Amino acid sequence: MTTFIEKTADATTGGILATGRPRAPRRKPNRSFVHGLVTNKKALAGMALMVFFIAMALLAPLLFPGDPSRITAMSSLEPSPEHWLGTTAKGQDVLALTVHGSRSSLFVGLTVGLASTFIGILVGLASAYFGKFIDEGLSLLTNIFLLLPGLPLLVILAAFLPPGLGTVILVLVVTGWAGSARVLRSQALSIRSKDFVAAAVVSGERAGRIMFREILPNMASIVMGTLLACVIYGIGAQAGLEFLGLGDVSTVSWGNNLFWAGNEGALLTGSWWVFVPSGVCIALVAFALALINYAVDEVTNPRLRKIKTPKTPAITERSAAK
Amino acid sequence: MRFILRRLGFYLIAFWASITLNFLLPRFMPGDPVSRMFARTQDRMQPEQIEALRKLLGVDDRPIWEQYIDYLHNIVTGQMGVSISRFPTPVTEVISSQLGWTLLLGGTALVIAAVVGNLLGILAAWRRGGAIDSALPPVLVFIGSFPYFWLAMGALYLFGVVLGWFPIRHAFTDGLEPAFTWEFIGDVGAHLVLPALTIVLVSIGGWMLGMRNTMIATNSEDYITMAEAKGLRPSRIMLRYAARNAMLPSVTSFGMGLGFVVGGALLTEVVFAYPGVGYQLLNAVQGLDYPLMQGLFLTITAAVLLANFLVDILYVRLDPRVRSN
């Protein structure tokens, strides 16, 4: 999954570099960006899905009051009007588990996404702004974290730390920040070399102000792309960790639902309804975020936009792409 | 040459960092995992086991730097201690019996995904807006959104349990002697299909989109127009001119992709009880077998770093710009 996060981010970088709109009036690019997103089908579909899942997470206590993991029926019932998604081997209602699971999964995903993007911004900006040995050091650190295989590192860290939700978040941030740091650094580097940054340096502005008020606003769209990628990573990796039984087994989340499904042999007894809903939810959320991410790409990178006349492949289209 | 040496230095530093991380984790973690483990397993362990563990996890009273130097020395000379859950088998022996399976699974899946994905990407970029370009990416991105292990569970349920086309557990049928016979190789192949298929399905979309996006940029270069003006065959322009120059990012991601495939393989191995290092890592974690856990982590890291170094060497061969400076 992360491979393509890397690549999307790379594509975004290329897009920004190619577009480069230094002379446009200050407000306008922003508005056209939002406008582009609102009129983009991918973005709309993605946002609609996200609104659905966020509503589900917020309304969970109203829809299914009480503890979702309490035992309410016979075990391994097939989907029926009474239990829309059937029951688990323990006799819990699968729909209630799935709806409540969205809370923990979305919360962890968002927290991990925000935290790792934040670290990525700090590292990337500091790297690009200060350069020299600070850049060398930070880049080395970033590259090491990028290279260390993520999931085994996750497993090792989770095994040594005391189990709990905090551990899960911490571990995911530790393994997830490096990708965003690298992308943001390369983007910040290209902005760092622009004239207006040099002007700000000459006029004696403080380093913090230049980094956060001059450079950062100019890479807003790539920060957003990184954030989305990090949230996708967070949700997927949390599910993976919990599926291995290394999360906080007592909470209800999509990953834990799948862990229990595997543990109770839902696959072998043929109770597909136990493991399908949570997996589909994870996939739909990741897909929705990926859609928004691609839309951001398309809006900021004209080369990736759909072209109207697809029939003649060779020359016409390529000159259109230019 | 300087490039290679610099990369080699970087990988050595990265490896040193992971060794150090391994050294520090059990010693500085809150909640004291070591005593937790001792409390749980003390009565089952023999004195020499406890002694070995104390040394490995740093519960002896020597100063920390002395332990550190000892630890480094042990790793460099390949002594990773003794497995707790499979006492008294040395960790290295446990790992070497499993590494092959992961290499087989991960290698097969990675190569298939990369080759097929890149080819699809080339075709999609070449015929922009065509059938492949408009239909496949959304489908592949959607499939790629599923967690590895969930697709594995789905594949196991559908093809293994319901349809019964493929075996659902282990790397070969119990009772079959590993040997270079057609029977055994066929059996291993049949066991490989589902786990490999899962990894390929999840990762192929990334390859395709990456290649497509790079090649769209390459397609607008002047030398492509020039090649067209010369009247070269389209297939030649596509493969030898456009795709060839769009390949470099894919080569880089091949090295990176390896780390992720190892991670993906870990989850798939767990679902299919495939006897690779990932499955063993989870067993080690559940059995609180810290020496084995650390050994596995180091082995996986070393493998990923080594593969990346090989990719770097290949990169020098492919990109003349790297050679010239």
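What percentage of the 325 residues of chain B count as buried? In this predicted model, the figure is 43%.

**Figure 1. Chain B is a chain of helices, with zero strands.** Count the elements here and you get 14 helices. Walk along the sequence and the pattern reads α-α-α-α-α-α-α-α-α-α-α-α-α-α. Take the contacts in chain B between residues at least 6 apart in sequence: 76% of these join residues at least 24 apart.

**Figure 2. How confident is the predictor about chain B, and where is confidence lowest and highest?** The mean pLDDT of chain B is 80, and 87% of the residues in this chain reach 70 or more. Confidence is lowest in helix α2 (residues 33-41) of chain B, where the mean is 61. At the other end of the scale, helix α9 (residues 222-229) of chain B is where confidence is highest, at 88. A word of caution goes with this view: where pLDDT is low, the predicted coordinates should not be read in detail. As for the model as a whole, the scores are ipTM 0.77 and pTM 0.79.

**Figure 3. Two helices of chain B, α5(B) and α8(B), pack against each other.** The pair consists of helix α5 (residues 91-126) and helix α8 (residues 182-219), both of chain B. The crossing of α5(B) with α8(B) is right-handed. Sort the residues of this contact by class and you find 23 nonpolar, seven polar and one charged.

**Figure 4. Chain A, seen as a whole, also comes to helices and zero strands.** There are 14 helices in chain A, and from the N terminus on the elements run α-α-α-α-α-α-α-α-α-α-α-α-α-α. Of the 322 residues of this chain, 50% count as buried. For contacts in chain A between residues at least 6 apart in sequence, 73% join residues at least 24 apart.

**Figure 5. In chain A, helix α5 (residues 132-147) crosses helix α7 (residues 165-192).** The two axes come within 8 Å and cross at roughly 130°, and α5(A) and α7(A) are therefore oblique to each other. Their crossing is left-handed. On the α5(A) side, the contact is made by A:Thr142, A:Phe145 and A:Leu146. On the α7(A) side, the residues are A:Ala178, A:Gly179, A:Ala181 and A:Arg182. By class, the contact of α5(A) with α7(A) has four nonpolar residues, two polar and one charged.

**Figure 6. Is helix α6(A) largely enclosed or largely open?** Eleven of the eleven residues of α6(A) are buried, so this helix is largely enclosed by the rest of the structure. Among the buried residues are A:Gly150, A:Pro152, A:Ile156 and A:Phe160.

**Figure 7. A closer look at A:Ala158, a residue of helix α6 (residues 150-160) of chain A.** Why does A:Ala158 count as buried? The reason is that A:Ala158 has 22 C-beta neighbours inside 10 Å, and 20 or more is the cut-off for a buried residue. Leaving out residues up to four places away in sequence, A:Ala158 touches A:Thr167, A:Val171, A:Leu241 and A:Leu246. Look for A:Leu172 as well: A:Ala158 and A:Leu172 are 14 residues apart in sequence and 9.5 Å apart in space, C-alpha to C-alpha.

Terms used
Residues are numbered from 1 along each chain as its sequence is written. Chains are lettered from A and ligands numbered from 1 in the order in which they are written. This is a predicted model: local features need pLDDT of at least 70, side-chain atom pairs count only at pLDDT 80 or more; totals for chains, interfaces and linings use all residues. Axes are lines fitted to C-alpha atoms, for helices over the stretch in contact, and angles run from 0 to 180 degrees between N-to-C directions. Helices (H or I, at least four residues) and strands (E, at least two) are DSSP runs, numbered from the N terminus. A crossing is left-handed if the near helix is turned anticlockwise from the far one by less than a right angle, and right-handed if clockwise. Ala, Val, Leu, Ile, Met, Phe, Trp, Tyr, Cys and Pro count as nonpolar, Asp, Glu, Lys and Arg as charged, and the others, Gly among them, as polar. A residue is buried if 20 or more other C-beta atoms lie within 10 Å of its own, exposed if 12 or fewer, and partly exposed in between; C-beta atoms are placed from the backbone. Two residues are in contact if their C-beta atoms, placed from the backbone, lie within 7 Å. Angles under 35 degrees count as roughly parallel, over 145 as roughly antiparallel, 65 to 115 as roughly perpendicular and the rest as oblique. pLDDT is the predictor's confidence in each residue, from 0 to 100.
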